[in-house]
Amino acid sequence: MAKRVQVALTESIASLGKEGDLVEVAPGYARNFLLPYGKAMNVTPAVLRQIERKKEKEKIAADKLKQEALDFQTALSTIGRFTIKKQVGEDGVLFGTVTNGDVAEAIETATKKEIDRRNITVPDIHNLGSFTAKIKLHAEVNAEVNIEVTS
């Protein structure tokens, strides 16, 4: 009896791998769990070709997303500076602070493109002036934007 069998995963399983991966598992695990529940299928030449085509399509889609992120990075650097208006106290100290939501809103109004505020890192801003925020646009693409805080 074979010690390990090779199967192609049809969905991601935390302990094995992600969808489309070829994994070697115990024959009983494949026969009693993975195959009957549709979580994997036996490896055949047709399945291998199907997996290759799917990986090529995913690579093309990932390259497209990266290119869009690079284009947006260029657009942000072209704009240069974003202005955020806040209320100021007597000492020139802001009421509250500038948050990543404020920066996201300023970018959205300037570029008409939505950006997730969770991908923005803003330094502690408690007074007027110029600051730099970092934005993660893609796993491999980051941008820095200049923020001008005015009253």
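Me: Which residues does Leu76 touch, leaving out those up to four places away in sequence?

Reply: Contact here means heavy atoms within 4.5 Å, and in this predicted model Leu76 touches Phe82, Ile107, Thr111, Ile135, Leu137, Ala143 and Val145, with residues up to four places away in sequence not counted. Two points on reading the values: residues are numbered from 1 along each chain as its sequence is written, and side-chain values use heavy atoms, with hydrogens and water left out. As the model is predicted, local features need pLDDT of at least 70 and side-chain atom pairs count only at pLDDT 80 or more, while totals for chains, interfaces and linings use all residues.

Me: Which residues have the most contacts inside the largest nonpolar core?

Reply: In soluble globular proteins, nonpolar side chains tend to be buried together. A nonpolar core is a set of buried Ala, Val, Leu, Ile, Met, Phe, Trp, Tyr and Cys residues joined through side-chain atoms within 4.5 Å, where buried means under 20% relative accessible area, exposed over 50%, and partly exposed in between (1.4 Å probe, protein chains only). The largest such core has 21 residues, and those with the most contacts inside it are Leu76, Val103, Ile107 and Ile120. At least two residues of this core come from each of α2, β4 (81-85), α3 (100-111), β6 (129-138) and β7 (141-150); helices (H or I, at least four residues) and strands (E, at least two) are DSSP runs, numbered from the N terminus. A second, separate core of 8 residues includes Val7, Ile13, Ala30 and Ala40.

Me: Where do the buried residues of α1 fall, seen down its axis?

Reply: An α-helix has 3.6 residues a turn, so residues three or four places apart point the same way. In helix α1 (residues 27-34) the buried residues are Pro27, Ala30 and Leu34. Seen down the axis, they fall within an arc of 115 degrees, so they line one face of the helix; the arc is that of the directions from the helix axis to the C-beta atoms. What covers them includes β1 (5-9), β2 (22-25) and β3 (40-42).

Me: What is the order of the strands in the open sheet?

Reply: Two strands pair if DSSP finds at least two bridges between them, and the open sheet of 3 strands has the order β2-β1-β3, with antiparallel pairing. Its edge strands are β2 and β3, each of which pairs on one side only. Between β1 and β3 the antiparallel pairing extends over 3 bridges, and Leu9 has Ala40 in β3 as its bridge partner.
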